[in-house]
Amino acid sequence: MDSGRVAHYVQRWLKTGAFAMRRLWMSLPKLIRFMLVHIANGMVIGCSFLLVLIWFDVAGLAGLLESDTSGLATFLLFFQTALTFGAVSMGVAVMHLGED
């Protein structure tokens, strides 16, 4: 998919209202929708996993994050965890495409 088509989808996404979002979502290519859904699922699972680790203070993680006043450590931890889990989830989904 070339950058012109991507820009076209982004422009359409920004101009539409709430009622047209489903139509726009369905106009995306099937493979792109497949990948976005699986990336989002992995990111949610990753952030949930990290919240459980912080809640139960595994390895003193909550204390370490409390001592950071800027919040940068928390942001980076959530970002990297979400990115990792999202990529793994998408990779597993793609590898299972050919299986029945």
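Modeller: A residue is called buried under 20% relative accessible area, exposed over 50%, and partly exposed in between, with a 1.4 Å probe and protein chains only. This is a predicted model, in which local features need pLDDT of at least 70 and side-chain atom pairs count only at pLDDT 80 or more, while totals for chains, interfaces and linings use all residues. Residues are numbered from 1 along each chain as its sequence is written, and side-chain values use heavy atoms, with hydrogens and water left out.

Colleague: Is Arg 12 buried, partly exposed or exposed?

Modeller: Arg 12 is found in helix H1 (residues 3–15); helices are DSSP runs (H or I) of at least four residues, numbered from the N terminus. Because its relative accessible area is 32%, Arg 12 is partly exposed.

Colleague: How far apart in space are Arg 12 and Leu 24, C-alpha to C-alpha?

Modeller: Along the sequence, Arg 12 and Leu 24 are 12 residues apart. In space, their C-alpha atoms are separated by 7.6 Å.

Colleague: Which word describes the packing of H3 against H5?

Modeller: Helix H3 (residues 30–55) and H5 pack with their axes 7 Å apart, at an angle of about 135°. Axes are lines fitted to C-alpha atoms, for helices over the stretch in contact, and angles run from 0 to 180 degrees between N-to-C directions. Angles under 35 degrees count as roughly parallel, over 145 as roughly antiparallel, 65 to 115 as roughly perpendicular, and the rest as oblique. The angle therefore makes H3, relative to H5, oblique.

Colleague: Where is Asp 57, and what is its phi?

Modeller: Asp 57 is found in the loop between H3 and helix H4 (61–67). Most residues other than glycine have a negative phi. Asp 57 is not a glycine, yet its phi is positive, at about 50°.

Colleague: Is Ala 59 buried or exposed?

Modeller: Ala 59 also has its place in the loop between H3 and H4, and its phi is positive, near 55°. Since its relative accessible area is 77%, Ala 59 is exposed.

Definitions and conventions: Helices (H or I, at least four residues) and strands (E, at least two) are DSSP runs, numbered from the N terminus.
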